[in-house]
Amino acid sequence: MEVHNVELVMSAVATSQYPTTGYPEVALSGRSNVGKSSLINVLINRNSYARTSSQPGKTQTLNFYKVEDQLYFVDVPGYGYAKVSKKDREKFGQMIETYLTNRSTLRGVIILVDARHAPTKDDVTMYEWMHYYKMPLLVVATKSDKIARGKWNKQESLIKKTLNFQAGDDFIPFSAKTKAGKDAIWQWIEAHTVGGK
């Protein structure tokens with residue numbers, strides 16, 4: 001999709017604040033600092049529209065980005081919140097769970113993992129959770145440019161094995177630096193939203 005019009009329409013913490021336009025939505029989920037904002041910026045052809053932060057856990061709301069008046073990207077708070085109290089963590093957890101399990105316009109979830117490491121326990125939990133709710137899933141391995149080409153197959157195997165990756169899911173390596181993977185990610189998004197599953 002060629003993106004010219006993007007608007008951050010709202011930052012929501014409750015269902016009453018979600019958009020009511022009925023456009024299909026794709027949620028982006030991952031631990032803090034995995035590169036969600038960078039991925040969103042690459043997908044929408046902006047340098048810093050989605051705020052990137054060196055402070056983990058900065059996103060504490062569900063941020064709805066309206067793209068071309070056709071769909072929403074929903075930036076979900078990063079898990080593994082570094083400097084957040086247990087009470088706040090539980091509050092975020094409930095907010096995210098409510099959104100991911102009850103939103104009828106949600107068409108799929110992109111889970112971001114860091115290509116350089118094995119997925120964390122939180123990554124595995126999120127992956128299993130989305131399977132439990134039978135949500136269409138795409139795993140995006142960010143920072144893939146940091147992996148030497150000769151080691152990539154081994155790294156991909158490690159990520160998939162740790163997640164207990166299921167055959168029906170999709171996996172795309174991505175680099176915000178080189179934009180490798182951008183077109184494939186857009187194809188997945190369009191197939192699940194405006195291309196119509």
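Me: What order do the elements of the protein chain run in, from the N terminus on?
Reply: The order is β-β-α-β-β-α-β-α-β-α-β-α. That makes five helices and seven strands. Keep in mind that this is a predicted model.

Me: What makes a run of residues count as a helix or a strand here?
Reply: A helix needs at least four residues, and a strand at least two, as DSSP runs. Helix 2 covers 86-102, and strand 4 covers 71-75.

Me: How do you know whether the radius of gyration agrees with a compact globule?
Reply: Set the value against the rule. With 197 residues, a compact globule would have a radius of gyration near 16 Å. The protein chain has 16 Å, so the value agrees. Its C-alpha trace spans about 50 × 40 × 35 Å along the principal axes.

Me: Why is Thr 142 called buried?
Reply: Buried means under 20% relative accessible area. Thr 142 has 2%, so Thr 142 is buried. This residue is found in strand 6.

Me: Which residues does Thr 142 touch, not counting those up to four places away in sequence?
Reply: Thr 142 touches Val 34, Leu 112, Val 113, Asp 114, Ala 115 and Phe 174. Touching is a matter of heavy atoms within 4.5 Å.

Me: How much of the protein chain counts as buried?
Reply: Of the 197 residues, 47% do. The accessible surface comes to about 10,100 Å². Carbon and sulfur atoms hold 46% of that surface.

Me: What makes a set of residues a nonpolar core?
Reply: Its members are buried residues of listed kinds, Leu and Phe among them, joined through side-chain atoms within 4.5 Å. The largest such core has 33 residues. Leu 62, Phe 64 and Tyr 99 are among those with the most contacts inside it.

Me: Which element supplies the largest share of this core?
Reply: Helix 2 does, with five residues. Strand 3, strand 5 and helix 3 are among the elements that each supply at least two.

Me: What is Leu 62 in contact with, leaving aside neighbours within four places in sequence?
Reply: Its contacts include Met 10, Tyr 18, Val 74, Met 95 and Tyr 99.

Me: Which residues does the second, separate core include?
Reply: Ile 44, Ala 50, Leu 112 and Phe 174 are among its 25 residues. Leu 112 and Phe 174 are also touched by Thr 142.

Me: How many contacts join residues at least 24 apart?
Reply: Among contacts between residues at least 6 apart in sequence, 76% do.

How values were computed:
Residues are numbered from 1 along each chain as its sequence is written. This is a predicted model: local features need pLDDT of at least 70, side-chain atom pairs count only at pLDDT 80 or more; totals for chains, interfaces and linings use all residues. Side-chain values use heavy atoms; hydrogens and water are left out. The radius of gyration is taken over C-alpha atoms; the globule rule is 2.2 Å times the number of residues to the power 0.38. Buried means under 20% relative accessible area, exposed over 50%, partly exposed in between (1.4 Å probe, protein chains only). Accessible areas come from the Shrake-Rupley method with a 1.4 Å probe; for residues, only the protein chains shown count as cover.
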